[in-house]
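Please open the structure in the viewer and keep the selection tool at hand.

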Amino acid sequence: MAVEVVLNVNGMSLPVLLRDPARTLQDVLREDLGLRGTKKSCNDGYCGSCTVQLDGQAVKSCLILAVEAEGRAIRTIEGLEQAGRLDPIQQAFLEHGAAQCGMCTPGMVMSARALLDENPQPTLDDIKEAIKGNLCRCTGYVKIVDAIAAVAGVSAPKRSLERGRVALSGKRVAGHSKLRVDGRVKVTGKAQYVVDMTLPGMLYGKILRSPLPHARIVAIDTEAARRLPGVFAVITGHDLAIKPFGAFIADETGLARDKVRYVGDAVAAVAAVDEATAERAIQLIEVQYEELPFVIDPEDAMKEDAPLIHEVERNIAAHNRVVGGDVAQGFAEADYIFEDRFETTKQAHACMEPHVCIGHWDASGKITLYDSTQSTFFMRYHLSHIFDVPASKIRIVAPYLGGGFGSKSEVHAIHVCALWLSRLTGRPVKMAHDRDEEFIGSRTRHKEIIYLKTGVKKDGTITARQATVILDNGAYTSYGPGVSLTQSMLGGAVYRIPHYQYDGYVVYTNTPIGGAFRGFGSPQFTFAAESQADMIAERLEMDPLTFRLKNLTEPGDKAISGPMLTTNGAREALTKAVDAIHRTAGRTSAPGKLRGIGYAVGTHFTSGKFHPEANADFCGATVKVNEDGSVTVLAGVVEMGTGCSTTLSQIAAEELGVDLEDVTILLSDSDATPPDLGTFGSRATTLGGNAVRQACQAVKATLSREAATQLDCDPNRIVFQDKAVFDASRPERRILLADLVTGMMFRDGGGSHVMASAHFDAPCSLPDPETGVGDFAMSYSFGCHAVEVEVDPDTGKITVVQVVAATDCGNVINPVGAEGQVEGGVMQGIGYALYEDIKFAEGQPLNTRFGTYKIPTVMTVPPITAIWVETDDPRGVYGSKGLAEMGMVPTAPAIANAIYNATGVRITSLPITPEKILQGLPSAQNREVSSL
Ligand code: FES
Ligand code: FES
């Protein structure tokens, strides 16, 4: 029965007719009132992205019925900004760089506003308490707390915009901490993500997913679903006339055709008039399964008698080998050979914006896909192949993206289903993962089992390393071979290893698909290699610092696995991080608790060439100078929160002598922006920046010729500064950029606009197909994390007391943004080390909600100190190298080493739990080294 309610929202009385009285306040605010600053991320009360104020109190609007809110004062993020003036909390979030992807930001701001309304002078603990129910996957919470503390006047570490060091001497804009160019729309809730979008006539799609880990599909009855009023179309795998697809191996079909291979495999899809009808429809689809034996453990899956998941001889999707030198010789030269086994977990990306798209296949045959993707051109390339449609007939648009971390860089079932349903119905179709689907139906970090065999001399010199790695691929291949391939080459780049061999087996299991995830194989391999570095040092009775310093690669080295380490800040990062942690460690030690310090070194690449079909690694940019002297940049990378829209704008402003505010940047629309592989692999600033810089230089050449004619000088002497140009020897004779461009544009017979494009392809190459050795990336970043932990010997509880993260990412373009990347990376690393893991029982995933799969909250954030090691890389724009992924690479082994230092318990399998510590403590106290 329909009811009318009058809601008092942001001071206005708004009548709403509710056909379903059970609708939530969140739903009504977003769908009926269009207030989509109130975000929708988990829908079950755990993430806080939907927080609003109700009579001043912060509430999660997905847990409140709209009828319950009648007669009460509702304030949403849209109600904070007054006459164009930001609320002080919004202003502080902006100035502290507290928003990255921005998906959590409105909820955070509203929780903070409610706190300060009630208690204008909170303590830091009060602040944390107030936002502990708001999850953020990007920032690591540090700058969020700082922003709130600044408004509250709490004495907190000062993190103002200019706190970051200025890395680039002589530069006005690049190298200086700058406000994010997308900051204001994010702190006001005006940033619209695909999950917030609707199109006229849009239908809602939903996917029926398998409840079984492995089963043959005997029959599917869709009749009842088709007959449900409001249902427009129902499809199964055999209706989808598409080519199989996959990032490396075409083993996915969107909807399963003959059998399902994991709990969550897509079986059928519907399009209906609204989400509720679509949900009801998929429940009416009856699938008859014949259960098959399943396998969850990747080592079991490799066995010859394991149930076969695909039509292959064994469950090995790919095997890649890197051979540098002769490991047999290296082991023969060793005084000791140490062999250890390590195991990592299936970590979930847990993006705050779930995977979502709106597909429209219009009557002319043109496909438009609004998508939460990290790569518009990869999507276009793959969809063109899948549907056999020319690329020019496909437009991919990625508006604001609520986090990706690698998971949004390929085609998923929702994309092909939404487009096929749109083709059938003639309407746009929106498909979004709910939170369960996001955990099981998107991608995960590969769980890995890593066997390391390392030979060393008595003095600690490494003579050889052999790595055998089993990657849990899940049910389909995705980026598995790429993850194995890149970790194989990076595995030989931290230490000078004369003889090296890596064998990676990408293994099918009946579990969710492993894919690209921040670090792309480095966090797994680094956990093993850096845990073993400490273990070897102890066995040799050496200090772990000495062992590392003895073996580290140096600038100019060519690593045994191929990378040319033109710049290499590993040694400086290690010594600076270790010095810094020793200066402050142990100061606040609690009685009865065990304290320890550990550290780890890691490396990661700046994008790279590792796909056999795509021997290219490019970014594209177009730069236009407008008749008012402002600059427009068009670039193909996607802003997923990492800050590339700001850094690319800084580079354009720097090159053209204008202010950051004079630059407008337009990203990620495949019809409008130049071709570009997208945002992944820590490439957007470094590669994209090179493209922007080259396009600017082409524009400057044109403008310089014109200016030189007018100023009667050599074009090479033209200087761009303060939105004007002048002859370097006569700066008093200036021409405003606006006048110069206007004069060129409005010219009778022969005028021109001022615009240029550039296509920057990274100077690197595919690995050698025989040996697997190759200098596959443009540059290599290094870093060291040093960690202090405290362990309660009675409970096993682990507290990370502080983290020092020293990073060599070349020169830093935007220090405050870079710091945010490190803080966010460290927090993902802490979650990876201590608790993040998708668990299974009887083939069923057990933790597919934020209530059961824990990611770090503000309550677990330690002090994080970011230190920069500047190595002025010759290939990256302004000497920069990749950063975003390096932020989490060495965190987990640093924590493992610190826990061993504190307790004597060596834990070689993630996550490091209190149970494992308690289990190991008795033998550790008897001075036996235990491995768990
Ligand atoms: S959407 Fe309401 S708490 Fe997550
Ligand atoms: S900025 Fe918090 S989830 Fe992205």
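Begin by selecting Lys-190 and Glu-81, which form a salt bridge whose closest N and O atoms are 2.9 Å apart; a salt bridge here is a side-chain nitrogen of Lys or Arg within 4 Å of a carboxyl oxygen of Asp or Glu. Lys-190 lies in the loop between α6 (183-187) and β6 (203-209), and Glu-81 in the loop between β5 (73-75) and α2 (88-96), so this pair ties together parts 109 residues apart in sequence. Glu-81 counts as buried, at 17% relative accessibility. Buried means under 20% relative accessible area, exposed over 50%, and partly exposed in between (1.4 Å probe, protein chains only). Helices (H or I, at least four residues) and strands (E, at least two) are DSSP runs, numbered from the N terminus.

Before moving on, note that this is a predicted model: local features need pLDDT of at least 70, side-chain atom pairs count only at pLDDT 80 or more, and totals for chains, interfaces and linings use all residues. Residues are numbered from 1 along each chain as its sequence is written, chains are lettered from A and ligands numbered from 1 in the order in which they are written, and side-chain values use heavy atoms, with hydrogens and water left out.

Next, select Arg-341 and Glu-343. Their salt bridge has its closest N and O atoms 2.9 Å apart. Arg-341 is partly exposed, at 33% relative accessibility, whereas Glu-343 is buried, at 18%.

Now select Glu-655 and Lys-700, whose side chains meet in a salt bridge (3.5 Å, N to O). The pair links distant parts of the chain, with Glu-655 in helix α18 (residues 644-656) and Lys-700 in helix α19, 45 residues apart. Glu-655 counts as buried, at 8% relative accessibility.

Remain at Lys-700 and display its surroundings. Helix α19 spans residues 686-711. Beyond its neighbours within four places in sequence, Lys-700 is in contact (heavy atoms within 4.5 Å) with Glu-655, Leu-656 and Phe-720. The C-alpha atoms of Lys-700 and Phe-720 are separated by 8.3 Å, although these residues are 20 apart along the chain.

Finally, select helix α20 (residues 737-745). Which of its residues are buried? They are Leu-737, Ala-738, Leu-740, Val-741 and Met-744. These residues lie on the same side of α20 because they cover an arc of only 165° around the axis, the arc being that of the directions from the helix axis to the C-beta atoms.
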